[in-house]
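Dear colleague,

Please find the structure below for your review. My notes on its pockets and on one helix pair follow.

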Amino acid sequence: MNRVGVYGYECTKEAIFENYRIIPKYTSYKEVKKLASDPNTYHLTAVLEISENVEVRELIFMLEGVLSFIEHRDVIINNRLHTDEDVNNLADDFPTTIKAHKRHNGGGATIIADAISSKSRQQFISQAMSKLSDISTTERKTFRSAFYKTIEVFRGRECFVDISYYLKFSALESLARAVLDDYSKSCAPPIAKLLKTYGFNIKQENLKEPHKSVMTYVELRNSLFHNGLFEACVLRDGNQVVYKLSEYSSTFSRILPLVMIKYIEFDDGYINWNSWLDREAFKAPSKSC
């Protein structure tokens, strides 16, 4: 049995999977929430137990990504515990904190806390790990790459707006093309089609509501990539229109994790699929959930 520390992940309930389990260090939601969201320090919040017959390095690599995606902050899995070492009675020399660069907030948790919905995070982890471990097709390989692009934007030491936006746009474009097998010249049609298929209120072109227009984000990507500019000046119906990245990047950032969750086919009834517009991440579940 391999036992490793988990730093910066918010959990109060044990999560059991086929070949591993996550054992929380705290049962108080208030306490662990404060520790897991610390922007300056990674606190030991759980222990990961892994069966002997598992490729440890690969599992940790994927699980770190999934837990980071859930928190939308970097999560670290490191420091081996002794087989019989109790997480609540650790040796004096065991590191309970890790000091590193600032932990950037990627926009708030994407999956509701286990203190509110006891099985939501466990189910998401199971489904996400299953998708990430399957690289049998080009589509699945593309999803894996796109998934990691969405978390690398806040895991880095510095957050560069242009690099972050380009990475996120690349993730969405590559996934849309792979899912729809559409590698035509323009990226707008496959992106719009995928988003509409997933139920998002967006069009390929929407002059009246540019936040809901794929072309707004395409023009900003093109201006960044080709001209190094943080705004796009384009003609729309004979009029010159200026789209500023500062006005649209947050909206785009909020829709991307929702797309990844849609691809993973996870829905616990709490996710507000309109949160990319109204900023409310979660909702009360329906009675059928």
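The second largest pocket holds about 250 Å³ of space. A pocket here is an open set of points on a 1 Å grid over the protein atoms alone where a 1.4 Å probe fits, with protein on both sides within 12 Å along at least five of seven lines; lining residues have an atom within 4 Å of a point. Of its 16 lining residues, E10, K33, E71, G108 and A109 are the closest to the centre. Helix α1 (residues 29-36) contributes the most to this lining, with 3 residues.

This is a predicted model, in which local features need pLDDT of at least 70 and side-chain atom pairs count only at pLDDT 80 or more, while totals for chains, interfaces and linings use all residues. Residues are numbered from 1 along each chain as its sequence is written, and side-chain values use heavy atoms, with hydrogens and water left out.

The largest pocket has a volume of about 630 Å³, the volume being the space filled by probe spheres set on the points, which are joined across faces, edges and corners. It is lined by 27 residues, with H72, G106, G107, S253 and R254 nearest its centre. Helix α8 (245-264) gives the most to this lining, namely 8 residues.

Helix α3 (residues 120-133) packs against α4 at an angle of about 120°, with the axes 8 Å apart.

Yours sincerely

Note on methods. Helices (H or I, at least four residues) and strands (E, at least two) are DSSP runs, numbered from the N terminus. Axes are lines fitted to C-alpha atoms, for helices over the stretch in contact, and angles run from 0 to 180 degrees between N-to-C directions.
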